[in-house]
Amino acid sequence: MSLAELICPAGTPAALRTAVDAGADAVYCGFQDATNARNFPGLNFTPEELAEAVGYAHANGTKVLLALNTYPPAGKVDLWRQAADAGARMGVDAFIVADMGVADYIARTHPDVRLHLSVQAAASSPEAIRYYCENFGVRRVVLPRILTIPEIRQLRTEIPCEIETFIFGNHGLMVEGRCSLTNYLTGQSTNMDGVCSPASDVDYTRHGDGSMSSQLAGFTIDRFAPDEKAGYPTICKGRYTAPHRSEGYYAFEEPVSLNLSRLLPELIEAGVHAFKIEGRQRSKSYVRNVVSAFRTAVDDIRAGRQPDMADLVALTEGQKQTQGAFETKKWR
Amino acid sequence: MSITTTPSAPIRPGERPMARLACLAVQPILSRVVRRIADRHPSLFARLGPHRETDFLIDPLELPFALHLRPDPQALVFRAVPREAAPRAGATIRGRFLLLLELIDAEEDGDAAFFSRDLEVSGDTEAVVRLRNALDDMDGSLAEETAAMLGPPGRAILARLRRAYLTDAKGHESA
Amino acid sequence: MAVIPMTKLTLGPIAYHWSAETRRDFYACVADEAPVDEVYLGEVICSKRAPFHEADLPATIERLERAGKTVILSTLAEVMLKRERKATADLAAMDAAEIEINNAAGLFARGKRPHRIGPFMNAYNEATIAWMAGQGATHVCLPSEMPAPAIAAAARAARDLGLGVEVQVFGRASLAVSARCYHARAHGRTKDNCQFVCEDDPDGMPLRTRDDRPILRVNGIQTQSESYVDLLPETGRLMADGVTHLRLMPQEVDMVAVATLFREALDGKLSVQEADARLAALSGEADLSNGFYHGAAGYRRIAMAAPT
């Protein structure tokens, strides 16, 4: 049986301490710049904050994984190199990378620090994963949320590294690291700037009939009836019309949340080494609740006890949830 | 289960003088609260970035006044203002008082409640996101901290507010 | 000063599920009339479509080569299923043809044998391009969302390493790919049961906002820009910055005419203003955009600076 490490999000130093206290085996975080894919206003760590956070985590036996998982545009690679150097100095336990140039730099310059392959690298086949393992010494792959459990079980036998899967949180639809939707509407790039539906381009407009529109850079991403709950305007979770769908439909995905709590035992049995909880942009109360609940569940499974699934399912109570591609190929 | 509220409640007779009185009454507390937070959590201002100079209007629906916040460490403003005398704000956050308090304390999740109908955000969305993230980086509970400053009566008021809110929220859920 | 070789025009792989007959006619036309130097063939988007036109591939290659075009075979952008892994490995194993790789699985299979790097490979910077060159890459197509300064820096690095550098200058930009088929979803189906509804939309399925503004195009698992990228006015700067190949993506317009406009503008036979005006007319209702190049929102059309 695999160790089933719990990998938890930390958007701020307070969230990091919360995750550590709630029993995270590892936390993942990033600097306050384009070097990571959650470059959101007011979020993330200054170098001083990260150094202190690493101290706190290590004192409590928790690992720190530094996300350097965006793609530097030509001419700006130094920012990513400096971030890697800073992380190595602070003693982070692993770098999470996507770009081959960044991976190559770290493999040569900081060979003692583990490399994890970010979901942003979109490695979804044994061959792609082995490419990164053999060339950059990648020790763990974060799998795209598109494989079924039997496919993961099979994959495990064909690759030389550990597997990390998302188990909870925001449910990405597009192949990560290959999405320019935000840049198309706003001029800020997910891959190069770490930005997705930036708040600076978000507007809500209330209409005379009580309905409300959510807009990104002036494009209406969704429109909500007076009694409907409004959502944040992420392009891939909006409603549009198409020639066969004049009523306005979720062309890509309903706004659902991934929750694989029911599949935990199966995932462990399939050989998944680490479970990732999404949500560096979420509040520390989210971190506290979700991490504690999964901590208890994973400990129960490790000890051979039946975990209390009700607690985990309740985490998304009121919100739609899905097991996504993990459960069935029909999701595709 | 969404709570439908009228965003701008009509002004009731006698509300204006009452609002002014209420503002006068709470102002000393507000000043103490904000000074103390600023002293104890200096990193908050760094997270606000350029929005240290943004005027935020926090509009708790059931209170007789709104709150004007300008989180500039050089010239900190946090004051109660009658709604009709509110300044032009860069960002406005409007909702039920305890929901606002819970958001500040990150009891509620930003993504979920922040942009739902329960809360209405207008103006500069980035300013609001920054403010939320900055507040979320504070350890402990801002509400508890404030209540503690006011001593036992403060804690009692907070507990009562929470009970009232929970009962109310449940009522809405079953509707 | 290095001698700048003549800029080549290329025709990218057909992104849509055009019928075998349409494809045959299209490439016959390209072979006879289109002033493009290089043509990319093969299914890049959906492995389920490949069987429909694979059989014609040898004849198409032969036809294009006879017309003096260089033919490059492109691999799938997304590789997950057995058939996709096999298709990628088979293509990578070919000796004669030039291949363009769009997924790391292809890089793995190709090893250090020569190959081109496709636009889905995320070759955003000089470090990555240098790594790829060391592994046998001879040519790199940059991601379509890259802004001009990054293109210039990447092109300089690639040229120094002896690589060809390509940028898409016409056609819808690829904005996203997914494991899910959005064409099937629009028709209440799943990918495994899609019945190839994407064939009904040879220029992509239009999505409009709920206030009826065109926004995106769906092409199976791919999401594309509503606008056609048009960098015709920027070709001078692209060439000066070291870009060696300009890519035209096949759309449902007169592609021979599109290629001819670009060629004539490149050769100075037609003013850029005139060529661009004709391109707008050719593109019909599609909006033209160059926002990505100018570091602005991709859908935007940034006006040409007045000639100095």
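## Where chains A and C meet

In this predicted model, 55 residues of chain A are in contact with 58 residues of chain C, where contact means that the C-beta atoms, placed from the backbone, lie within 7 Å. Several elements of chain A give two or more residues to the side that touches chain C, among them helix H4 (100–109), helix H5 (126–136), strand S10 (219–224) and strand S12 (245–250). Helices (H or I, at least four residues) and strands (E, at least two) are DSSP runs, numbered from the N terminus. The residues on this side of chain A divide into 29 nonpolar, 15 polar and eleven charged. Here Ala, Val, Leu, Ile, Met, Phe, Trp, Tyr, Cys and Pro count as nonpolar, Asp, Glu, Lys and Arg as charged, and the others, Gly among them, as polar.

Of the two pairs of chains in contact, chains A and C share the most contacts. Chains B and C do not touch, and their nearest C-alpha atoms are 18 Å apart.

## A note on the model

This is a predicted model, in which local features need pLDDT of at least 70 and side-chain atom pairs count only at pLDDT 80 or more, while totals for chains, interfaces and linings use all residues. Residues are numbered from 1 along each chain as its sequence is written, and chains are lettered from A and ligands numbered from 1 in the order in which they are written.

## Chain A and one of its sheets

Chain A has twelve helices and 15 strands. Its radius of gyration is 20 Å, close to the 20 Å that the globule rule gives for 332 residues, so chain A is as compact as a globular protein of that length. The radius is taken over C-alpha atoms, and the rule is 2.2 Å times the number of residues to the power 0.38. Of the 332 residues of chain A, 60% count as buried, which requires 20 or more other C-beta atoms within 10 Å of a residue's own; 12 or fewer make it exposed, and anything in between partly exposed, with C-beta atoms placed from the backbone.

Take a look at S8-S9-S10 of chain A: these three strands form an open sheet with antiparallel pairing. Strands pair if DSSP finds at least two bridges between them. Strand S8 (202–206) and S10 of chain A are the edge strands, each pairing on one side only. Strand S9 (residues 212–216) of chain A pairs with S10(A) over five bridges, and Gln215(A) stands opposite Thr220(A) in S10(A).

## Chain C and a helix pair

Chain C contains eleven helices and twelve strands. A compact globule of 308 residues would have a radius of gyration near 19 Å, and the 18 Å of chain C agrees with that. In chain C, 57% of the 308 residues count as buried.

The axes of helix H10 (residues 255–266) of chain C and helix H11 (residues 272–282) of chain C come within 9 Å and cross at roughly 170 degrees. Axes are lines fitted to C-alpha atoms, for helices over the stretch in contact, and angles run from 0 to 180 degrees between N-to-C directions. H10(C) and H11(C) are therefore roughly antiparallel to each other, a label for angles over 145 degrees. Among the residues that meet are Val258(C) and Leu261(C) in H10(C), with Ala275(C) and Leu279(C) among those in H11(C). The residues of this helix contact divide into eight nonpolar, no polar and two charged.

## A residue of chain B

Ser31(B) lies in helix H1 (residues 15–40) of chain B. With 14 other C-beta atoms within 10 Å, Ser31(B) is partly exposed.

Terms used: Angles under 35 degrees count as roughly parallel, over 145 as roughly antiparallel, 65 to 115 as roughly perpendicular and the rest as oblique.
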